[in-house]
Amino acid sequence: MKILIVDAQGGGIGRQLVAAVKKAFPDQVVTAVGTNGVATAAMLKAGADFAATGENAVVVNCGRADVILAPIGVVIADAMLGEITPAMALAAGRSSAKRILLPIGHCDNIVAGADGLSVGQLVQEAVECLRSVLGG
């Protein structure tokens, strides 16, 4: 199973996702792609097996992934303070991968029903969704 984690800005959510996925599924290979070098470095430091940076890396790896874990902004052009380009959003949205999206309501995107959950709780929920996708 090809697991892709995508993040932007400082990579904090991606870092937490990588750490949680590697803890729960140590034998799974995790590829991390950041929209910038800081995000990529944070996810690599958290234990990602492979990492890349930039628009083309997001586009290529979304096409190769079986599962994508990311903040919901990855499918919204110009989200994450403009770091998600239209090409990135299109690639993530059109990917045949299962998408496990964290309902983070930043950058003028409000996700109804997501209030009250911490990022840590959302990360754990994402890991449980991944467990279901992986069949166990």
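Residues are numbered from 1 along each chain as its sequence is written. In this predicted model local features need pLDDT of at least 70, side-chain atom pairs count only at pLDDT 80 or more, totals for chains, interfaces and linings use all residues, and side-chain values use heavy atoms, with hydrogens and water left out.

**Exercise 1. Determine which residues of helix H5 are buried and what they pack against.**

Step 1. Helices (H or I, at least four residues) and strands (E, at least two) are DSSP runs, numbered from the N terminus. H5 covers residues 119-134, and its 16 residues reach 22 Å from first to last C-alpha, close to the expected 22 Å; the expected span is 1.5 Å times one less than the number of residues.

Step 2. Buried means under 20% relative accessible area, exposed over 50% (1.4 Å probe, protein chains only). The buried residues of H5 are Leu 122, Val 123, Ala 126, Val 127 and Leu 130. Seen down the helix axis, they fall within an arc of 145 degrees, so they line one face of H5; the arc is taken from the directions from the axis to the C-beta atoms.

Step 3. Glu 125 and Ser 132, on the other side of H5, are exposed.

Step 4. The buried residues of H5 pack against strands E1 (3-7), E4 (67-71) and E5 (98-102) and helix H1 (12-24), where contact means heavy atoms within 4.5 Å.

**Exercise 2. Describe the surroundings of strand E2 and its pairing.**

Step 1. Five of the five residues of E2 (residues 30-34) are buried, so the strand is largely enclosed by the rest of the structure. Val 30, Ala 32 and Gly 34 lie on one side, Thr 31 and Val 33 on the other.

Step 2. Strands pair if DSSP finds at least two bridges between them. E1 and E2 run parallel, joined by five bridges, with Ile 3 opposite Val 30. Four bridges join E2 to E3 (residues 50-53), also parallel, and Gly 34 has Thr 53 as its bridge partner in E3.

**Exercise 3. Identify the nonpolar cores and the contacts of Val 21.**

Step 1. A nonpolar core is a set of buried Ala, Val, Leu, Ile, Met, Phe, Trp, Tyr and Cys residues joined through side-chain atoms within 4.5 Å. The largest has 22 residues, and those with the most contacts inside it include Ile 5, Val 21 and Leu 130. E1, H1, E2, E4, E5 and H5 each supply at least two residues of this core.

Step 2. Not counting residues up to four places away in sequence, Val 21 touches Ile 3, Ile 5, Pro 26, Val 30, Leu 69, Val 127 and Leu 130.

Step 3. A second, separate core has 19 residues, among them Leu 4 and Ile 68.
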